Amino acid sequence: MEKVIISACLLGVRCRYDGKSNKLPEETLEMLRERYELIPVCPECYGGLTTPRTPSERLGGGVVSKTGADVTEQFQRGAEAALYLAGLFGAKLAILKKNSPSCGSGTIYDGTFTGTIVSGDGVTAELLKKHGITVIDENAL
């Protein structure tokens with residue numbers, strides 16, 4: 001069975017910045033479980049950030065929290081952990097949370113904390129793509 005990296009919040013893990021999840025509908029999860037072995041990841045948690053935590057957004061090449069703290073290092077550490085797991089399990093596909101500063105693929109929030117979405121990738125999505133892993137978001141399902 002093909003192994004797939006998936007954002008833990010999409011599986012119902014309460015690891016979002018606000019302590020909630022982004023759980024996919026049960027029928028979608030059932031379909032995914034029938035087709036894939038799902039490897040849950042939360043790069044932000046893997047990078048050492050707490051849950052709950054201050055929201056963060058990509059700004060330029062880095063990541064900043066809403067309070068202005070530079071959290072780029074934690075996001076990079078989490079991305080490296082996700083890449084390590086993908087390699088460990090031989091995953092060639094990742095299903096990641098849209099618009100996230102770590103997981104967003106193709107679109108992310110713009111760093112102004114106004115809800116504005118721009119073209120770009122989250123730190124983890126960018127790293128996985130650079131290593132040949134196909135990254136999609138939950139809307140592609």
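This is a predicted model: local features need pLDDT of at least 70, side-chain atom pairs count only at pLDDT 80 or more; totals for chains, interfaces and linings use all residues.
## Helix α3

Helix α3 runs over residues 72-89, and its 18 residues reach 26 Å from the first C-alpha to the last, which is close to the 26 Å expected at 1.5 Å a residue. The buried residues of α3 are T72, F75, G78, A79, A82, L83, L85 and A86. Because they cover an arc of only 160° around the axis, these residues are placed on the same side of α3. The other side of the helix carries E73, E80, Y84, G87 and L88, which are exposed.

The packing partners of the buried residues of α3 include strands β1 (2-7), β2 (36-41), β3 and β4 (62-65), and among them are also the helices α2 and α4 (123-130). Just after α3 comes G90, whose phi is positive, at about 70°.

## Helix α1

Helix α1 spans residues 26-35, and T28, L29 and L32 are buried in it. Seen down the axis of α1, the buried residues fall within an arc of 100°, so they line one face of the helix. On the other side of α1, by contrast, E27 and E34 are exposed. The elements that cover the buried residues of α1 include β1, β2 and β5 (93-96).

Once the neighbours within four places in sequence are left aside, Y36 is in contact with M1, E2, V4 and L93. For one of these residues, E2, the C-alpha atom is separated from that of Y36 by 5.2 Å, although the two residues are 34 residues apart along the chain.

## The largest pocket

The largest pocket has a volume of about 540 Å³. It is lined by 29 residues, of which Y17, S56, S100, P101 and Y109 are the closest to its centre. By class, the lining comprises 13 nonpolar, nine polar and seven charged residues.

Two elements, α2 (43-46) and β3 (56-59), each supply at least two residues of this lining.

How values were computed:
Residues are numbered from 1 along each chain as its sequence is written. Side-chain values use heavy atoms; hydrogens and water are left out. On a 1 Å grid over the protein atoms alone, a cavity is a set of points where a 1.4 Å probe fits but cannot get out, and a pocket is an open set with protein on both sides within 12 Å along at least five of seven lines; lining residues have an atom within 4 Å of a point. Grid points are joined across faces, edges and corners, and a volume is the space filled by probe spheres set on the points. Helices (H or I, at least four residues) and strands (E, at least two) are DSSP runs, numbered from the N terminus. Ala, Val, Leu, Ile, Met, Phe, Trp, Tyr, Cys and Pro count as nonpolar, Asp, Glu, Lys and Arg as charged, and the others, Gly among them, as polar. The expected span of a helix is 1.5 Å times one less than its number of residues. Buried means under 20% relative accessible area, exposed over 50%, partly exposed in between (1.4 Å probe, protein chains only). The arc is that of the directions from the helix axis to the C-beta atoms. Contact means heavy atoms within 4.5 Å.
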